[in-house]
Amino acid sequence: MPVEAVAIGLPMALGLGLVYGLGPCLLSCLPYLGPLFVNADQGIARSWRILLPVSLGRLTVYGGFGAVSGWWGGRYVGGVNGWVVHLTVGIALVLVGVALLGRRSAGAACGSCAPKNEQKISWRPRQAAAQAMPSGLYLMGVGMALTPCAPQGAVLVAAAASGTAWSGAALGLSFGLGAIAAPWLVYGTVVAYVGQQLREQLGRWQPRIEALSAFLLLGTGIVQLWQGASAGGMV
């Protein structure tokens, strides 16, 4: 792609990402990220711990799709089969749900009134939760980005016309940066603040709310896995 075309294409891709991020993306993220901000004791200052892995997962897909479209030189990569999206999102939700349950059990085991032998082994569920959470959040971002949308399709058409993997990846990443900007701002400030206030107001109910959120995520993840396996002919 000529340098002039890249200079024109990148701002346009960024703008399309911003428009998409301000609209459908904000709503589609809420069922997945909302329960996490209600239960995670992060606050605004540490909201990046949730948003960063999700954003990296999305950027991986946007940049990868753009690179493949540009590399194929004229072949448009419009997305993947729906069953792949279901399986990816399902695995992500199960991982995050398990992480919430593991963190809850770790917190219950390491209370001040717990016996010393329980306190010594409480790091195991806590460590498992710490490892599962970022992996689940990353896959969640991947699953979100695998869902096709019109603005992303327009960017991938331009990436295919570019003729090179580098310029296609640049277009995809520009779109992705725009798409994650608004959710990062809204979820990292407003949703994180509301979640913190809810935790303070519902302090004594927090363990039950956390367990309910974990089981809801697990249930949704299992449904997604079943839909993906059915659509893919695995069951």
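1. Helices (H or I, at least four residues) and strands (E, at least two) are taken here as DSSP runs, numbered from the N terminus. By that criterion, the protein chain contains nine helices and zero strands, in the sequence order α-α-α-α-α-α-α-α-α. This is a predicted model, in which local features need pLDDT of at least 70 and side-chain atom pairs count only at pLDDT 80 or more, while totals for chains, interfaces and linings use all residues. Residues are numbered from 1 along each chain as its sequence is written, and side-chain values use heavy atoms, with hydrogens and water left out.

2. Of the 235 residues in the protein chain, 43% count as buried. Accessible areas come from the Shrake-Rupley method with a 1.4 Å probe; for residues, only the protein chains shown count as cover. The protein chain exposes about 12000 Å², of which carbon and sulfur atoms supply 70%.

3. A contact requires heavy atoms within 4.5 Å. Among contacts in the protein chain with a separation of 6 or more, 85% join residues 24 or more positions apart.

4. Helix 7 (residues 150–162) comprises 13 residues and reaches 19 Å from its first C-alpha to its last, close to the 18 Å expected at 1.5 Å a residue. The expected span is 1.5 Å times one less than the number of residues. Which residues of helix 7 are buried? They are Gln-152, Gly-153, Val-155, Leu-156, Ala-159, Ala-160 and Ser-162. Seen down the axis of helix 7, these buried residues fall within an arc of 165 degrees, so they line one face of the helix; the arc is that of the directions from the helix axis to the C-beta atoms. The face turned away from the buried side of helix 7 carries the exposed residues Ala-150 and Ala-161. Just after helix 7, Gly-163 takes a positive phi of about 85 degrees.

5. Ala-159, in helix 7, is buried with a relative accessible area of 0%. Apart from neighbours within four places in sequence, Ala-159 is in contact with Gly-66, Ser-69, Gly-70, Gly-168 and Leu-171. Ala-159 and Gly-9 are 150 residues apart in sequence, yet 9.1 Å apart in space, C-alpha to C-alpha.

6. Thr-88 belongs to helix 4 (residues 82–109) and is buried, with a relative accessible area of 13%. Residues up to four places away in sequence being excluded, Thr-88 touches Leu-139, Val-142, Gly-143 and Leu-146.

7. Leu-225 is located in helix 9 (residues 206–231). Is Leu-225 buried or partly exposed? Its relative accessible area of 26% makes Leu-225 partly exposed. With residues up to four places away in sequence not counted, Leu-225 touches His-86, Leu-87, Gly-90, Ile-91 and Val-94. Leu-225 and Trp-83 are separated by 142 residues in sequence and by 8.6 Å in space, C-alpha to C-alpha.

8. Ile-44, Val-190, Tyr-193, Val-194, Leu-198, Leu-202 and Trp-205 make a nonpolar surface patch of about 600 Å². Patches are made of residues with over 30% relative accessible area and no salt bridge; like charges are joined within 9 Å, and nonpolar side chains (Val, Leu, Ile, Met, Phe, Trp, Tyr) within 5 Å. A salt bridge is a side-chain nitrogen of Lys or Arg within 4 Å of a carboxyl oxygen of Asp or Glu. Leu-198 lies in helix 8 (residues 165–201) and is partly exposed, with a relative accessible area of 36%.

Conventions
Buried < 20%, exposed > 50% of the residue type's maximum accessible area, 1.4 Å probe, protein only.
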